[in-house]
Amino acid sequence: LVSKICLGQAYDIISEYLKPLQVGVGVSGGAEALLHSFNRLIRRETMASEDTTLALVDFSNAFNEVNRETMLNAVRDKLPSLYPWVHFCYSIIYATTGVQQGDPLGPLLFS
């Protein structure tokens, strides 16, 4: 509950910091809009050729690969008001990588 409240209070800061390069966090419907735009783009006749290349990046298990020290430093620098709570949540856990499954702040911390 506290993480949800923190996320709501930091929404404006998060949105401004992550835009325009990241559309998965803090941008309502951002990833969906990006996918639809991409689909329209590749369906154009000018794009449908043998020279067209598509690269996909697989972030499988990426949430478990986040370095916690780096994450905590980024939160301290970019979102200092959230730092005490995030530090509390992530410093009492013995693992040194990853964000907690189910944490409402998880997508933000990953970003």
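What does the protein average in pLDDT, and what share of the residues score at least 70? The average is a pLDDT of 75, and 70% of the residues score at least 70. The model is predicted. Where pLDDT is low, the predicted coordinates should not be read in detail. The protein has 6 helices and 0 strands.

**Overall make-up**

- Read along the sequence, the pattern of the protein is α-α-α-α-α-α.
- The protein has 111 residues, and 25% of them count as buried.
- Among contacts in the protein with a separation of 6 or more, 57% come from residues 24 or more positions apart.

**Confidence by element**

- Helix 2, which covers residues 11-18, has the lowest mean pLDDT among the elements of the protein, at 71.
- Helix 4 has the highest mean pLDDT among these elements, at 89.

**Helix 4 and helix 5**

- Two packed helices are described by the angle between their axes and the distance between the axes.
- Helix 4 spans residues 68-78 and helix 5 spans residues 83-91; they pack at an angle of about 165 degrees, and their axes are 9 Å apart.
- Angles over 145 degrees count as roughly antiparallel, so helix 4 is roughly antiparallel to helix 5.
- The crossing of these two helices, helix 4 and helix 5, is left-handed.
- On the helix 4 side, the residues that meet helix 5 are Arg 68, Met 71, Leu 72, Val 75 and Arg 76.
- On the helix 5 side, the residues that meet helix 4 are Tyr 83, Val 86, His 87 and Tyr 90.
- The residues of this contact between helix 4 and helix 5 divide into 6 nonpolar, 1 polar and 2 charged.

- Val 66 lies in the loop between helix 3 (30-43) and helix 4.
- Val 66 has a relative accessible area of 12%, and the cut-off for buried is under 20%, so Val 66 is buried.
- In sequence, Val 66 and Leu 109 are 43 residues apart, while in space they are 8.5 Å apart, C-alpha to C-alpha.
- Ala 74 lies in helix 4.
- Ala 74 counts as partly exposed because its relative accessibility is 39%.
- Ala 74 and Leu 109 are 35 residues apart in sequence, and their C-alpha to C-alpha distance in space is 8.7 Å.

**Asp 103**

- Asp 103 sits in the loop between helix 5 and helix 6.
- Its relative accessibility is 12%, so Asp 103 counts as buried.
- With neighbours within four places in sequence left aside, Asp 103 is in contact with Ser 3, Tyr 90 and Leu 109.
- Asp 103 and Leu 1 are 102 residues apart in sequence, but in space they are 9.7 Å apart, C-alpha to C-alpha.

**Ser 111**

- Ser 111 is in the segment after helix 6 (106-110).
- Ser 111 is partly exposed, and its relative accessible area is 43%.
- Ser 111 and Ile 14 are 97 residues apart in sequence and 9.9 Å apart in space, C-alpha to C-alpha.

Note on methods:
Residues are numbered from 1 along each chain as its sequence is written. This is a predicted model: local features need pLDDT of at least 70, side-chain atom pairs count only at pLDDT 80 or more; totals for chains, interfaces and linings use all residues. Side-chain values use heavy atoms; hydrogens and water are left out. Axes are lines fitted to C-alpha atoms, for helices over the stretch in contact, and angles run from 0 to 180 degrees between N-to-C directions. Helices (H or I, at least four residues) and strands (E, at least two) are DSSP runs, numbered from the N terminus. Angles under 35 degrees count as roughly parallel, over 145 as roughly antiparallel, 65 to 115 as roughly perpendicular and the rest as oblique. A crossing is left-handed if the near helix is turned anticlockwise from the far one by less than a right angle, and right-handed if clockwise. Contact means heavy atoms within 4.5 Å. Ala, Val, Leu, Ile, Met, Phe, Trp, Tyr, Cys and Pro count as nonpolar, Asp, Glu, Lys and Arg as charged, and the others, Gly among them, as polar. pLDDT is the predictor's confidence in each residue, from 0 to 100. Buried means under 20% relative accessible area, exposed over 50%, partly exposed in between (1.4 Å probe, protein chains only).
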